[in-house]
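Visitor: I have a structure open on my screen and I'd like to learn how to read it. Can you walk me through it, feature by feature?

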Amino acid sequence: MKFVDEVRIFVKAGDGGHGAVAFRREKFIERGGPSGGDGGNGGSVIFVADPQLTTLLDFRYQQHHRAKNGENGMGSDCNGRASDDLILKVPSGTLIREADSGELLADLSEPGQQYVAAQGGRGGLGNMNFATSTRQTPRFAQEGTKGEERTLILELKLLADVGLLGFPNAGKSTLISRVSRARPKIADYPFTTLVPNLGMIQYKDNLSFVMADIPGLIEGASEGVGLGHQFLRHVERCKVLIHLIDLGAEGEGRDPVKDYDILNRELEKYSAELSKKPQVVAPNKVDITEARERLEKFTAAMRKRGVAVFPVSTATGEGLQALLDVTAEVLFTGRTGKLQVERPEKPAKKAPAKKVSAAKQPAKKAAVKKAPAKKAAAKKAPAKKAPAKKALAKKGAAKKAPAKKAAAKKAAAKKAPARGKTGARAKTVAKAGRRS
Ligand SMILES: Nc1nc2c(ncn2[C@@H]2O[C@H](COP(=O)(O)OP(=O)(O)OP(=O)(O)O)[C@@H](O)[C@H]2O)c(=O)[nH]1
Ligand SMILES: [Mg+2]
């Protein structure tokens, strides 16, 4: 069966029938008075949500829908017959929009919910309604009003409680076929599923919920790669998303953690609201040995993000009960605590941070230690220089004692190995002192 989730249609309600102008003409009854009946009302176009339907396919084939006009009024006080409304059944979850403005007119999410898309015209009054004591022969009647007409866009957003997300071949269809009676096609090539499938899951205690399996998403889906991201609209109403990760995918740049990030990025590009929905992350195909080996790395990567994982094998059924349990808990109680990991990642995060700082700190400390040493040296130097300079000044002014020169020499000699320049200067100054 073909699946259609968006159609553009034209609807026109029936016009109201015109009122009649007639007079009673009977043998022996002269001037019997006005007897024109009223026109009947035109039929309206009404949409009704039908839970039995899952596609808008019918509207693809027939795009014009007109309700019948009301009958005109007739003589002998006969009113025209009102037309039946035109009932158009649509799947539950259909949105009705004005085609030009895109304005949302109705969201038929409840089974049996109705929306009058085009109101039928009202029948006109016949001339018998206009007779008064002073106007006993009204030769006019009222015309019926026109029925409304509209161009509409019908958009189907399937009603499901839980949505399945994942790359092609992740095992989404296998999962829904294991937990519900849905029997979608399963095959080991990408894009086996081309249209969404719904499955009803009978959970414990008479609780049940609907799961939606949608076609796989790949990188660039928002730009139309693969089947695009148009099918995401069918999980927009879901309260929980199960994100299946294909641990069995190998090569070609595929990596479970990368897949997780890519899919979430595509979700964000589609709708920020959708990306914020609770996600149950389920790495799949743990029955395969290599897949199980990848599980540890994937779990660790998810723990860093604070995300709990629920490993499953949709083929063997391993882990499916735990997956359903957590999904049902989020769905029915709204508690999402189990979807987050109990923060063992924090110390894990801190540990490497500490290590790094521990490694860096000694270096810093050493640098700090060294720095004062240099400073001390720097401090010492001027201290040593100072007497030398002072000596210069004094020597320059008053030819002073060889003792001072000797001191200057000593200072210079001391500095010389460390501060050559100062020593040289001290020497020259000392010489200058001698000359003078
Ligand atoms: N080994 C193993 N194979 C699995 C498991 N689950 C699914 N498969 C296989 O993976 C392939 C794809 O499974 P599907 O259920 O069609 O995957 P999908 O996610 O619906 O794929 P699309 O509809 O293409 O998006 C099939 O060949 C399945 O047999 C599993 O748990 N273990
Ligand atoms: Mg599938």
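Predicted model: local features only at pLDDT ≥ 70, side-chain atom pairs only at ≥ 80, totals over all residues.

Visitor: Let me try one residue, then. Which strand does K12 lie in, and is K12 buried or exposed?

Guide: K12 belongs to strand β1. To call a residue buried, we ask for under 20% relative accessible area. K12 comes out at 13%, so it counts as buried. Leaving out residues up to four places away in sequence, K12 touches V45, H65, R66, A67, G147, E148 and E149.

Visitor: And which residues is D15 in contact with?

Guide: D15 sits in the loop between β1 and β2, and with a relative accessible area of 15% it is buried. Its contacts beyond four places in sequence are N41, G42, N69, G70, G121, T145, K146 and G147. For the protein chain overall, take the contacts with a separation of 6 or more: 74% of them join residues 24 or more positions apart.

Visitor: How many of the residues of the protein chain count as buried?

Guide: Of its 436 residues, 44% do. As a general idea, nonpolar side chains tend to be buried together in soluble globular proteins. In this model the largest nonpolar core has 43 residues, and V11, F47, F59, I96, L154 and L165 touch the most other members. Domain 1 (6-156) and domain 2 (162-342) both contribute residues, so this core lies between them. A second, separate core has 27 residues, including I176, I242, L323 and L324.

Visitor: What does F59 touch?

Guide: Not counting residues up to four places away in sequence, F59 touches V7, I9, F47, H65, L88, K89, V90 and L154.

Visitor: Now a strand. Which residues of β9 are on each side?

Guide: V162, L164 and G166 are on one side, G163 and L165 on the other, and all of them are buried. That makes 5 of the 5 residues, so β9 is largely enclosed by the rest of the structure.

Visitor: How many bridges join β9 to β12?

Guide: There are 5, and the two strands run parallel. To find the pairing on screen, look for V162, whose bridge partner in β12 is V240. β9 also pairs with β11 in the parallel sense, over 3 bridges. In β11, D213 is the bridge partner of L164.

Visitor: On to helices. Which residues of α6 are buried?

Guide: The general idea is that an α-helix has 3.6 residues a turn, so residues three or four places apart point the same way. In α6 the buried residues are L320, L323, L324, V326, T327, A328, E329, V330 and L331. What covers them includes β9, α2, β10, β11, β12 and β13. You can check the length of the helix too: α6 (residues 320-333) has 14 residues and spans 19 Å from first C-alpha to last, close to the 20 Å expected at 1.5 Å a residue.

Visitor: Last one: which residues coordinate the magnesium ion?

Guide: S173 (OG) and T193 (OG1) do, at 1.9 Å. S173 lies in helix α2 and T193 in the loop between α2 and β10, so the pair ties together parts that are 20 residues apart in sequence. S173 is buried at 9% relative accessible area, and T193 is buried at 10%. Don't read the site as complete, though: water is not among the atoms, so sites may look incomplete.

Definitions and conventions:
Residues numbered from 1 in each chain as written. Chains lettered and ligands numbered in written order. Heavy atoms only, no water. Donors = N, O, S within 2.8 Å, 3.2 Å for Na, K, Ca; no water. Helix = DSSP H or I, 4+ residues; strand = E, 2+ residues; numbered from the N terminus. Buried < 20%, exposed > 50% of the residue type's maximum accessible area, 1.4 Å probe, protein only. Expected span 1.5 Å × (residues − 1). Contact = heavy atoms within 4.5 Å. Core = buried A, V, L, I, M, F, W, Y, C linked by side-chain atoms within 4.5 Å. Domains from an automatic or database assignment. Pairing = 2+ DSSP bridges.
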